[in-house]
Amino acid sequence: MTVEAEPVAGLPDPTEYGFSVVRESEIPREHHDLVARVRELVDAVAHTQAEPAELAAAEATVAELTELLSRRRRDTGTLLLHRPPGGPPEYGTVTNLVAGPTNAVAPPLVMAPGADGELRGEVTLNGVYQGPPGIVHGGWLAALLDQALGAAASAAGMPGLTANLSVDYRRPTPLHAPLTVTSRVTGTERRKVFVAAEIRHDGEVTAEGTALMVRLAVPD
Ligand SMILES: CCCCCCCC/C=C\CCCCCCCC(=O)SCCNC(=O)CCNC(=O)[C@H](O)C(C)(C)COP(=O)(O)OP(=O)(O)OC[C@H]1O[C@@H](n2cnc3c(N)ncnc32)[C@H](O)[C@@H]1OP(=O)(O)O
């Protein structure tokens with residue numbers, strides 16, 4: 001494959017384009033702790049068999065907390081700045097559905113450089129991510145792969161949007177079990193960045209995907 005795409009040499013400062021940006025260190029530990037508790041809450045709500053009176057009490061408590069937390073909100077498009085040692089600065093949304101540190105729906109999936117220029121992440125999914133009994137939902141596996149694929153392009157200095165995504169489900173992916181996610185850039189052509197990723201359980205590939213990411217065209 002022709003290698004014509006170049007990493008975006010010095011992405012412009014997103015704040016110049018109207019984005020709010022936070023550094024990872026600016027998110028208080030208490031916010032991380034709260035998100036972890038809410039992840040437990042989502043799982044508890046999904047599986048509870050509490051009595052109606054208990055459900056009503058829980059609903060009132062949660063409504064009160066929602067009101068408290070909604071008094072000061074971030075912009076939805078707020079970017080999180082990540083500065084990997086030796087790599088280009090990377091941006092993702094702070095509430096990214098798969099990796100956002102303040103999103104209680106995100107597992108989250110954190111990808112970091114591993115062997116052979118790959119990105120690698122570990123994740124364990126609870127019953128909230130269920131499709132068939134005991135098995136991770138296929139749409140969610142596609143979301144994990146999409147994120148890992150986008151992260152590979154981004155870590156190579158070529159952040160972009162997914163133009164297409166192809167997923168092969170090789171075997172059922174279990175809930176409540178450690179999963180390994182790997183991804184890498186396999187080629188480039190003009191603004192096109194070709195990427196590949198896998199999800200493994202116990203060393204066996206359960207799902208794999210390829211995607212075309214189209215590198216961001218920075219507005220004039
Ligand atoms: C100021 C700095 C700010 C920094 C901010 C950083 C942000 C963080 C970024 C990254 C973090 C990584 C984490 C993300 C992970 C998750 C990823 C997602 O979920 S992305 C959401 C879902 N995807 C969409 O919503 C895209 C919707 N589609 C589009 O917007 C356009 O179609 C787009 C951008 C993909 C392409 O549009 P065009 O106008 O820019 O470019 P054209 O000229 O159409 O295509 C360029 C080349 O790609 C081919 N191409 C385009 N679409 C194709 C397709 N579907 N299949 C095959 N080829 C395609 C074309 O044929 C062309 O190829 P030829 O160079 O001529 O050979």
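Predicted model: local features only at pLDDT ≥ 70, side-chain atom pairs only at ≥ 80, totals over all residues.

Trainee: What makes H3 largely enclosed by the rest of the structure?

Mentor: The burial count. A residue is buried if 20 or more other C-beta atoms lie within 10 Å of its own. In H3, 13 of the 18 residues are buried, so the helix is largely enclosed by the rest of the structure. After H3 comes Gly157, with a positive phi near 85 degrees.

Trainee: Is H1 enclosed or in the open, and what shows it?

Mentor: The number of buried residues in H1 is zero, so H1 lies largely in the open.

Trainee: Now the sheet. What is the order of its strands?

Mentor: It is an open sheet of six strands, ordered E4-E5-E7-E8-E9-E6, with antiparallel pairing.

Trainee: Why are E4 and E6 placed at the edges?

Mentor: Each has a single partner strand, so one side of each is left without a neighbour in the sheet.

Trainee: What makes E7 and E8 a pair?

Mentor: Two strands pair if DSSP finds at least two bridges between them. E7, residues 178-189, and E8, residues 192-201, have nine, in the antiparallel sense. Arg184 stands opposite Ala196, and Thr180 stands opposite Arg200.

Trainee: How many residues lie between E7 and E8 in their hairpin?

Mentor: Two, and Arg190 in that turn has a positive phi of about 50 degrees.

Trainee: How many bridges join E8 to E9?

Mentor: There are 10, and the strands run antiparallel. Phe194 has Leu212 as its bridge partner in E9. E8 and E9 also form a hairpin with two residues between the strands, where Asp202 takes a positive phi near 55 degrees.

Trainee: Which strand does E5 join, and over how many bridges?

Mentor: E5, residues 119-124, joins E7 over six bridges, antiparallel. Arg120 stands opposite Thr182 there.

Trainee: That leaves E6. What makes E6 hardly covered?

Mentor: Of its 10 residues, the count of buried ones is one. E6 still has its partner: nine bridges join E6 to E9, antiparallel. In that pair, Val167 stands opposite Gly209.

Trainee: Next, Leu216. Why is Leu216 called partly exposed?

Mentor: Buried needs 20 or more neighbours, and exposed needs 12 or fewer. Leu216 has 16 C-beta neighbours inside 10 Å, so it counts as partly exposed. Leu216 lies in the segment after E9.

Trainee: Which residues does Leu216 touch, leaving out those up to four places away in sequence?

Mentor: Pro159 and Gly160. The C-alpha atoms of Leu216 and Pro159 are separated by 6.1 Å, although the two residues are 57 apart along the chain.

Trainee: What surrounds the ligand?

Mentor: A shell of 23 residues, the closest being Gly150, Pro159, Leu161, Ala163 and Val214. The elements giving two or more residues to that shell are E3, H3, E6 and E9. H3 gives the largest share, five residues.

Trainee: How does the shell divide by class?

Mentor: It has 13 nonpolar, six polar and four charged residues.

Trainee: Which stretch does the record list as a domain?

Mentor: The unreviewed UniProt entry lists residues 134-206 as "domain: Thioesterase". Over residues 134-206 the chain is 25% helix and 48% strand. The end C-alpha atoms of that stretch are 14 Å apart.

Key
Residues numbered from 1 in each chain as written. Near = placed C-beta within 6 Å. Helix = DSSP H or I, 4+ residues; strand = E, 2+ residues; numbered from the N terminus. Nonpolar A, V, L, I, M, F, W, Y, C, P; charged D, E, K, R; others polar. UniProt positions renumbered as here; feature names shortened; annotations may be inferred. Contact = placed C-beta atoms within 7 Å.
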